[in-house]
Amino acid sequence: MTTKLFKKDKKIDIQKILTDYSMFIVVAVMIIFTGTTQSNFFTIGNASNILANTSVRFIIALGISGTLIIRGTDLSAGRIVGFSAILAGTLVQQPDFVGKFFPNLPDLPIFVPLLIVIAACALLGLMNGIIIAYFHVPPFLATLGTQIMIYGFNMLYSGNQPIGTFKDSYIQVGQGKLFGTIPYLVIIAAIVGIVMWVLYNKTRYGKNMYAIGGNEQAAEVSGVNVPRTKIKIFVLAGALYGLAGYLLSAKTGSVGPSSGTSYELEAIASATIGGVSTTGGQGTVPGILLGVFVFELLKVCLAYLGVKPDMTNVIQGIVIVIAVALDIRKSMRKK
């Protein structure tokens with residue numbers, strides 16, 4: 001009898017595995033197929049490029065993860081990243097550049113623009129947090145409104161013109177590599193990831209965040225200052241978007257008003273693939289990293305297989321829908 005029970009407990013649920021890990025299985029198959037059909041896929045250069053792209057998007061996904069964990073969202077993330085990239089770009093141009101955005105701006109050390117963009121984007125996050133926490137506007141509508149507003153400001157600020165000719169020291173941040181192999185972006189993202197892991201798992205901030213996502217009313221009764229915690233989450237998200245935008249413009253070497261377009265959707269999909277539940281209260285930093293990495297690998301595989309950009313967008317949209325649908329299915333199964 002005991003043997004039968006043991007065997008029953010150890011029975012593998014194929015349907016559950018396919019539901020929980022279907023996205024990972026599909027991407028794994030694509031990687032194998034791409035690697036065996038494209039000779040230049042498994043190269044150090046390609047791996048370095050994938051890691052660099054993953055690093056920037058990982059920081060964005062970390063910012064948006066907190067808003068998802070408390071059963072919200074942030075549709076303004078991509079535009080705030082774009083704002084940060086544009087603002088940073090106007091502050092790090094070469095001093096002798098004839099078409100300099102601010103002709104009389106002195107040659108600033110590269111950490112000064114970083115502090116400026118992080119502070120500016122944190123203020124935008126504060127605006128989102130106040131609207132949501134104190135005016136009780138649903139996060140979807142609140143951040144949709146600020147998304148449109150910030151995009152308009154980006155166009156006004158940049159004059160709808162690309163901004164480039166950055167200092168070499170700034171470009172080095174986004175394109176430089178340690179020992180000629182490991183992008184500096186990877187090191188920066190790793191440090192941010194460790195800090196966020198500690199914040200999520202070892203501090204009152206993280207405890208309150210998960211409590212709100214699990215049951216906001218219960219969290220409030222237990223003494224959590226819900227409005228203040230929500231504001232902190234959106235301020236931190238804005239600061240992370242600011243850092244990501246600063247790194248993005250350093251990586252690309254130029255920026256424009258469309259920078260950051262749809263990054264919030266990719267971040268939401270990546271976080272969901274990595275286990276951040278849209279129903280709230282769940283999500284880990286390693287899971288987010290894995291989700292971002294898988295989503296980036298999917299895009300790279302499609303590019304190597306010759307899929308056109310417009311079709312790539314279609315596939316990415318399908319992936320986003322499937323990721324959210326699978327998350328909802330898993331949540332319903334647990335209930």
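1. **Ground rules.** The model is predicted, so local features need pLDDT of at least 70 and side-chain atom pairs count only at pLDDT 80 or more, while totals for chains, interfaces and linings use all residues. Residues are numbered from 1 along each chain as its sequence is written, and side-chain values use heavy atoms, with hydrogens and water left out.

2. **The largest core.** Start with the nonpolar core, meaning a set of buried Ala, Val, Leu, Ile, Met, Phe, Trp, Tyr and Cys residues joined through side-chain atoms within 4.5 Å. Buried here means under 20% relative accessible area, exposed means over 50%, and partly exposed is in between (1.4 Å probe, protein chains only). The largest such core has 64 residues, and the members touching the most others are Ile59, Ile60, Leu62, Tyr241 and Leu247. Helix H11 (residues 226–252) is its biggest contributor, with 12 residues. Helices (H or I, at least four residues) and strands (E, at least two) are DSSP runs, numbered from the N terminus. Another core lies apart from this one; it has 18 residues, including Met30, Phe295, Leu302 and Ala323.

3. **Leu247 up close.** Which residues is Leu247 in contact with, leaving aside neighbours within four places in sequence? They are Val56, Ile59, Val173, Gly174, Leu185 and Ile188, where contact means heavy atoms within 4.5 Å.

4. H4 (residues 77–91) has 15 residues and reaches 21 Å from first C-alpha to last, close to the 21 Å expected at 1.5 Å a residue; the expected span is 1.5 Å times one less than the number of residues. H4 is mostly covered, with 15 of its 15 residues buried. In H5 (residues 111–134), the buried residues are Pro113, Val117, Cys121, Ala122, Leu124, Gly125, Asn128, Gly129, Ile132 and Ala133. An α-helix has 3.6 residues a turn, so residues three or four places apart point the same way. The buried residues of H5 pack against H4, helix H6 (139–158) and H11. After H5 comes His136, with a positive phi near 55°.

5. **The largest pocket.** On a 1 Å grid over the protein atoms alone, a pocket is an open set of points with protein on both sides within 12 Å along at least five of seven lines, a cavity is a set where a 1.4 Å probe fits but cannot get out, and lining residues have an atom within 4 Å of a point. The largest pocket holds about 350 Å³ of space. Its lining has 21 residues, and the closest to the centre are Glu266, Lys299, Thr312, Asn313 and Gln316. H13 gives the most to this lining, with 6 residues.

6. **A cavity to find.** The count comes to 2 cavities of 30 Å³ or more.

7. Outside its sequence neighbours up to four places away, Tyr200 touches residues including Leu62, Ile69, Tyr210 and Val285. Thr229, in helix H11, is also buried, at a relative accessible area of 6%. With residues up to four places away left out, Thr229 touches Asn208, Met209, Ile212 and Val224.

Methods. Points joined across faces, edges and corners; volume = space filled by probe spheres on them.
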